[in-house]
Amino acid sequence: MKPLSQKTDGFTDSVIRRMTRISNQYHAVNLSQGFPDFDPPKEITDRLKEIAPYGPHQYALTWGAQNFREALARKQEHFSGMQVDPDQEIVVTCGSTEAMMASMLTVCNPGDKVVVFSPFYENYGADAILSGAEPIYVPLNPPDFCFDPDVLEAAMRQEGVKALILCNPSNPSGKVFTREELQIIAELAIRYDIYVITDEVYEHILYKPNTHNYMATLPGMRERTIICNSLSKTYSITGWRLGYVIAPPEITERVKKVHDFLTVGAAAPLMEAVVTGLNFGDEYYRELQTHYTHLKELFINGLWDIGFSFVEPQGAYYVMVDISEFGYDNDQEFCIDLARKVGVGAVPGSSFFRENINSYIRFHFAKKEETLYEALNRLADIRKKM
């Protein structure tokens, strides 16, 4: 038989999702795949109940229901100060995963190059390959995960570089890029005529004194920034798969076409239900930050008491833990043993690093208090079991 596409030779299936399956296999507390075990806001689920008998149950407009896009544009302007045309600058997608893929297919031709910071969310490398581009990795150096501007410039000035992917706040490191760092990236993007594709799904999950700065609001960046985002984390609805792209009209016109043939459109009843959340006032987002700050402190204080070495996150809901003391050469084997022997699921850090780094694992703490306490109780005996 003729060989299959070579594109899929360059990456594996999702290590994150694989670790969920392994956690389930060993009945481990799943701190690997980043989804909450608590409910979405009641206002949103109540609205879903209201519309369930009546709909909408058929296709919405391909690039998103009108009221959804209008509510999203208002929210974006409120938090970023950036006016967005809901008809020409928004495409609603099936999660930020599709938003990123559609954006990459819109920007990249086969043979182009895309700059990616490492460690990185695992989808980015696969997205680049599937779009025919070559990923060029720039290290975020532990423990503070800062980048060297000279190394970044050397990557961005390579022939054929079309875009840079920026996850802020960052998964998996929890890094929040400062305005000064974003300004360095922006100046290089303008100098070398490069698009910046941002992943901002954790924009509202920040820990003081860190603040979120929107790349598109920096001077000269509105026309070359493609915002990819999702409602999954902000409203605890990861299974609803509602994401979006915000970009200038000439870009979104292309994204609409890619999106149309990838998925046709996002789920109409779910878009209708979540408009309620998009209209929430500031108090919701303050409470969200307070809630996740509490969970972060609970979890990292527990890790500290157990004696782990880790990098405290500035944003998102992940923590990178150093496992050097356990003597494993392979962090994937460590994570399998952690699920099997200790009963806690984690993600091997090597799945995020382009560099040969096997000394970190990633936990997430978007869980109920009792879930985190159970995980910490199991981890307390880790040195006896591993």
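## Largest pocket

The largest pocket of this predicted model is lined by 24 residues, and Phe-11, Thr-12, Phe-120, Glu-122 and Ser-351 lie nearest its centre. Its volume is about 590 Å³. A pocket is an open set of points on a 1 Å grid over the protein atoms alone, with protein on both sides within 12 Å along at least five of seven lines, and lining residues have an atom within 4 Å of a point. Grid points are joined across faces, edges and corners, and a volume is the space filled by probe spheres set on the points.

Helix 1, helix 5 (123-130) and strand 4 each give two or more residues to this lining, and helix 5 gives the most, with four residues. Helices (H or I, at least four residues) and strands (E, at least two) are DSSP runs, numbered from the N terminus. By class, the lining of the largest pocket has 10 nonpolar, eight polar and six charged residues. Ala, Val, Leu, Ile, Met, Phe, Trp, Tyr, Cys and Pro count as nonpolar, Asp, Glu, Lys and Arg as charged, and the others, Gly among them, as polar.

## Second largest pocket

The second largest pocket has a volume of about 420 Å³. Of the 24 residues that line the second largest pocket, Arg-17, Thr-97, Tyr-121, Lys-233 and Arg-241 are the closest to its centre. Helix 1, helix 4 (95-107) and helix 5 each supply at least two lining residues here. The lining of the second largest pocket divides into nine nonpolar, nine polar and six charged residues.

## Cavities

There are two cavities of 30 Å³ or more in the structure; a cavity is a set of grid points where a 1.4 Å probe fits but cannot get out. The largest cavity has a volume of about 70 Å³. Its lining has 13 residues, with Phe-117, Pro-119, Tyr-124, Cys-167 and Ser-170 closest to the centre. Strand 3 (113-118) and strand 5 (161-167) each supply at least two residues of this lining, and strand 5 has the largest share, three residues. The classes are 11 nonpolar, two polar and no charged.

The second largest cavity holds about 40 Å³ of space. Its lining includes Leu-72, Lys-75, Glu-203, His-204 and Tyr-244. Helix 3 (66-80) and strand 7 (225-230) each supply at least two residues of the lining of the second largest cavity, which divides into five nonpolar, four polar and two charged residues.

## Packing of helices 6 and 7

Helix 6 (residues 149-156) and helix 7 (residues 179-191) pack at an angle of about 25°, with their axes 10 Å apart. Axes are lines fitted to C-alpha atoms, for helices over the stretch in contact, and angles run from 0 to 180 degrees between N-to-C directions. Helix 6 is therefore roughly parallel to helix 7, a term for angles under 35 degrees.

The contact (heavy atoms within 4.5 Å) involves Pro-149, Leu-152, Glu-153 and Met-156 of helix 6 and Ile-184, Ile-185, Leu-188, Ala-189 and Arg-191 of helix 7. Seven of these residues are nonpolar, none polar and two charged.

## Cis peptide bonds

The peptide bond from Pro-142 to Pro-143 is cis, with omega near 5°; Pro-143 is found in the loop between strand 4 (134-139) and helix 6. The bond from Lys-208 to Pro-209 is also cis, with omega near 10°.

## Basis of the values

Residues are numbered from 1 along each chain as its sequence is written. In this predicted model, local features need pLDDT of at least 70 and side-chain atom pairs count only at pLDDT 80 or more, while totals for chains, interfaces and linings use all residues; side-chain values use heavy atoms, with hydrogens and water left out.

Technical notes:
Parallel < 35°, antiparallel > 145°, perpendicular 65-115°, else oblique.
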